[in-house]
Amino acid sequence: MTAILQPGFWVFILTMSGIYGIFTLGLQVQYGVGGILNFGHVGMMALSSYTMAILVIAHGFNFWIAAASGVAVAALGGAFLGLTTLRLRGDYFSIVSIAFSEIVRYVIFNSDGLTGGAQGSLAIMPIGDAYPSYTDTWDTILYWIRDHLTPIFGEIADRDMAMGILVWITLGILLFIVSRVERTSWARVLRATREDDDVPSALGKNVFRFRLQAVIIGSIIGGIAGIYWALQVTLLSPDDFLTIVTFYAWMILILSGATKVKGLAIAAIFFGFLYGGTRFFTFWPFSFFDSSQRSYMRIMIIGIVLIVLMIRRPQGIFGKREEMVLE
Amino acid sequence: MNNLILEVNDVAVAFGGIKAVNGATMSVEVGSVTSVIGPNGAGKTTLFNLISGATKPDSGTILFQGFEIQKLLPHKIAGRGIVRTFQGAKVIKRLSVLENLMLGAQNNPGDNLINFFNPRARNAFEKQARDHAMALLKQVGIERFANDYAGILSGGQRKLLDLARALMAEPVMLLLDEPFAGVNPTLVEKLLEVLHALRTEHHLTFLLVEHDLETVMNISDRVVVMAEGQVIADGLPNSIYENQAVVDAYLGTRKLK
C-alpha cells in the first residue's frame, strides 16, 4: 500500500498515459477521421522502436538519426499495409492489420541475430564493447532537465519526471497539430469516406489516396510513440508489442470519443490510472485474489468500462452523439 | 461538325451471368438534355455507372469530348467534368449540409496535405468555396439547413443537396439519376427551374435517367430508350411514342395526353 503514496509511481502512470495518448492519437487520425479500423497499430510502434534500437546499438548511429529512421520505417510499414490491403473493404482491412502486427512481432521474436529475439534488445550485438543501450543521448537530456527541476520540486525531481514532462509536451504538440490537420478540407474528404466512397469519388476525390495518407500519418504518430516507449522501458522485448496494446489504445479512443481529439489526453490518463492502479485493489472483494491474479483484474475492469460506455455513452465521454446516431 | 460531347459505343458489361448492358450505343449532344428511359432492370443505372467510371465495361468505348474515358477511375472522370447524382440521392449524413457541398469544390489546395503548411492559400480557397456553396444552397432553397447534419434532411431535400453538390464540382455534363422520383410536385417545379437556369446560363449538358414520362417529354431534346441492356430507340421525344418496340417494351398501351 505504500507505493500509492509515492509520487514516483504517479509520475510513472502519467508518463505511460502520455505514451499511450500519443499512440492512440495515431489511431484517432485513422479511425476518428477516416473510419479505418486498424487493429495492427502496435506493429508501427514495434517497427520504430526496434529500428531505432538496432541502429544505435548495432551500428552506432546518432540517436536522433536513428529515431527519425525508426519513425520513417513505421511510416513505410503503414504505406506497405495500406498499399497492399487498403483496397479491401472495412472489416477485411482490420483482419489483415492484426496479421501485420503479429507478423512484425514474430519476425522480431525469431530474428535473434538482428533484434536479439526473445531476449529483447539486451541481446542485440553492440558495436565495439559497449553495453547495449540506446538511451544514452536521451538520458543526457533527461538529467539536464532533472537538474533544472530540482530547485523547484526538490527530491521528487528525477529522470522519470523529466521523461514525463517531455512525453506530455510531445503529446500536447501532436494534439495541436492533429487538431489543426483535422480542420482542413483533407480531413473533410476523409470524414466523407468513412460513410461512403461513391460520393467523394464522383466529386473527383481519389479516396484511396486520402485513406493511404491517413494510415501513413497514423503510423508516423504510432512510430513516435514507439520511440518514447523504447526510451521509457529502456530494454525492448517482443512481448511489449502484443495485440492487446492496440486494444488498450482502442479503449482510450472509444473512451474519449473517436471523432474529437480534445478528450484524448484525459481518456489516456483515465486509462493509465486504471491500468496501473489495479494493483492497489487489495480491499474486499479483490482481497480474495493474489497480486498476479489482480493484474488480470485490470483487463476485466477495462472490459466492463467499455461495455458500460457502449450502453450509456457510445459516442465516448467527449464525442458528439449526433455524429454517431445519424445512420 | 461533331458536336457530340459523349459517345457510348457498343458498351457491354456483365455481372455474373447477367448482361446488364449488352452492346449499348448512344450519344449526347453538347448543351442538350438527353433522357434515358426504360423498364426496371433495363440497364439505365448501369449505363450511368459505366459513364461515371464506377463500373468498368467488359467491351466497347466511351468517349467524352473525344477522349476515351472507359478505363479511367471515377475521380478522374469527375475531374474531366462528368459529375453525377445518385439514385435516391446520396448525402454524407454526418457532415453538415454546407460541408457536403464543400466536398464538391475542385482543386482545393486544402485537399493536399502539403498545403497544411500554407494556411493562407487554404483559407482563401475555403472562404471562396464557402460563399459559392452558400449561393448554390440558396439557389436550390435549402440554405437554412447549411449548418445542420445532412442526415436530418428529407428525401426531397437530399435530392436538392445532391444536385447542388454536383453543381459545386463545376460539371461540364451532369448525370442525374432519377432526379424527380419521390419528389413532390412543387419541388419538381423548383428542380426544373434550377435545371433550366443552368442550361441557359451555364450551357451545361444533361443526361437523365427518369421514369416520369411527362417530365421527360417536356424537358428532353432527345430520348434514349433502353430495354434488356440495349438501346432500342433513340430520337426526338415525340418519335418515341410511335416506335412499336418502345411501346411493347416500356410504354404498353398507356397513352399520354
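Buried area between chain A and chain B comes to about 2900 Å², and carbon and sulfur atoms give 61% of that. Buried area here is the accessible area, with a 1.4 Å probe, that two parts lose on being put together, summed over both. This is a predicted model: local features need pLDDT of at least 70, side-chain atom pairs count only at pLDDT 80 or more, and totals for chains, interfaces and linings use all residues. Side-chain values use heavy atoms, with hydrogens and water left out, residues are numbered from 1 along each chain as its sequence is written, and chains are lettered from A and ligands numbered from 1 in the order in which they are written.

Now the contacts. On chain A, 31 residues are in contact with 32 residues of chain B. Contact means heavy atoms within 4.5 Å. Five salt bridges are counted between the two chains. The criterion is a side-chain nitrogen of Lys or Arg within 4 Å of a carboxyl oxygen of Asp or Glu. One salt bridge joins the side chains of Asp198(A) and Lys90(B), at 2.6 Å, N to O.

Which helices of chain A supply at least two residues each to the side that touches chain B? They are H7 (159-181), H8 (185-193), H9 (198-202), H10 (207-233) and H14 (321-325). Helices (H or I, at least four residues) and strands (E, at least two) are DSSP runs, numbered from the N terminus. H8(A) gives the largest share, six residues. By class, the side of chain A that touches chain B has twelve nonpolar, six polar and 13 charged residues. Nonpolar is Ala, Val, Leu, Ile, Met, Phe, Trp, Tyr, Cys and Pro; charged is Asp, Glu, Lys and Arg; the others, Gly among them, are polar.

Stay with H10 of chain A. Leu212(A) is found there. Buried or exposed? Leu212(A) is buried, at 14% relative accessible area. The cut-offs are under 20% for buried, over 50% for exposed and partly exposed in between (1.4 Å probe, protein chains only). Leaving aside residues up to four places away in sequence, Leu212(A) touches Ala79(A), Gly82(A), Leu83(A) and Leu86(A).

Last, strands in chain B. E1 (residues 4-15) and E4 (residues 59-64) run antiparallel, joined by five bridges. Strands pair if DSSP finds at least two bridges between them. Asn9(B) stands opposite Thr61(B) in E4(B). E4(B) also runs antiparallel to E5 (residues 67-68), through two bridges. There, Phe64(B) has Phe67(B) as its bridge partner. That hairpin has two residues between the strands, and Gln65(B) takes a positive phi near 50°.
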